[in-house]
Amino acid sequence: MTTPTTSSTDESWRTHLIDDDDRIAQILERTRRIAVLGIKTANDVGQPAYYVPLYAQKVGYEIVPVPVYYPEILEILGQPVYRAVADIAEPVDMVNVFRRPKDIPAHVDDIIEARPAIVWFQLGIRHDGAAERLARAGIDVVQDRCLLVELRRVGK
């Protein structure tokens with residue numbers, strides 16, 4: 001029995017792991033519609049999961065709320081709430097993730113089904129296994145970066 005050889009193309013998924021300022025700026029330029037997984041409500045105004053998407057909305061991005069909690073809430077930031085990313089009728093460019101790293105794997109299949117161009121794990125959020133699965137599905141992944149900070153860095 002022979003051992004399969006590994007070709008350089010087996011690692012091509014790594015090009016979907018984004019960690020440089022220029023590529024992040026390009027992502028922010030082409031993004032228009034952002035699903036926010038784990039978004040909070042106005043009752044949590046001091047939480048990044050509320051004020052980061054609020055800022056993005058104020059600078060012109062369309063926000064699609066996908067809260068994990070709040071089953072009684074039907075609208076956040078003036079937009080209808082979805083319970084899964086794959087349930088969003090129109091395609092989204094980005095899924096901005098506000099979930100603890102240990103909770104991310106439960107959402108990966110849903111995100112892959114939705115086929116966004118980018119998945120963005122907020123500052124302090126990393127899950128290399130989930131990032132690899134998303135990248136192997138052809139989805140760009142940003143980990144451990146604050147969307148608000150990056151929006152301000154690029155002048156939004």
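Me: Two strands pair if DSSP finds at least two bridges between them, so which residue in E6 is the bridge partner of Ile34?
Reply: In this predicted model, the bridge partner of Ile34 in E6 is Met94. The strands E2 and E6 run parallel and are joined by four bridges.

Me: And how many bridges link E6 and E7?
Reply: E6 pairs with E7 over four bridges, again in the parallel sense, and within that pairing Val97 stands opposite Phe121 of E7.

Me: What's the strand order in the whole sheet?
Reply: The sheet is open and has six strands in the order E1-E8-E7-E6-E2-E3, with parallel pairing.

Me: What holds E1 to E8, in terms of bridges?
Reply: Two bridges join E1 to strand E8, which covers residues 140-142, and the two strands run parallel. Leu17 has Val141 as its bridge partner in E8.

Me: Back to E6, which way do its residues point?
Reply: Met94 and Asn96 point one way from E6, which spans residues 94-97, while Val95 and Val97 point the other way, and all of them are buried.

Me: What does Met94 touch, then?
Reply: Setting aside residues up to four places away in sequence, Met94 touches Ile27, Leu28, Thr31, Arg33, Ile34, Ala35, Pro116, Ile118, Trp120 and Leu147.

Me: Which residues touch the most other members in the largest nonpolar core?
Reply: That core has 26 residues, and those touching the most other members are Leu28, Ile63, Met94 and Leu147. At least two residues of this core come from each of helix H1 (21-30), strand E2 (33-37), helix H2 (48-58), strand E7 (118-121) and helix H5 (147-153). The largest share is that of H2, which supplies five residues. Another core, of 21 residues, lies apart from this one, and Leu37, Val95, Val97 and Val141 are among its members.

Me: New topic: which residues of H3 are buried?
Reply: In helix H3, residues 105-114, the buried residues are His107, Val108, Asp110, Ile111 and Ile112. The buried residues of H3 pack against E2, E6, E7 and helix H4, which covers 128-136.

Me: What comes after H3?
Reply: Arg115 follows H3, and its phi is positive, near 55 degrees.

Me: Over to Arg153, where does it sit, and why does it count as partly exposed?
Reply: Arg153 is in helix H5. Its relative accessibility is 39%, and therefore Arg153 counts as partly exposed, since that class lies between the buried limit of under 20% and the exposed limit of over 50%.

Me: Which residues is Arg153 in contact with?
Reply: Apart from its neighbours within four places in sequence, Arg153 is in contact with Asp21, Ile24 and Ala25. Asp21 and Arg153 are 132 residues apart along the chain, yet their C-alpha atoms are separated by 9.2 Å.

Methods
Residues numbered from 1 in each chain as written. Predicted model: local features only at pLDDT ≥ 70, side-chain atom pairs only at ≥ 80, totals over all residues. Heavy atoms only, no water. Core = buried A, V, L, I, M, F, W, Y, C linked by side-chain atoms within 4.5 Å. Buried < 20%, exposed > 50% of the residue type's maximum accessible area, 1.4 Å probe, protein only. Contact = heavy atoms within 4.5 Å. Pairing = 2+ DSSP bridges.
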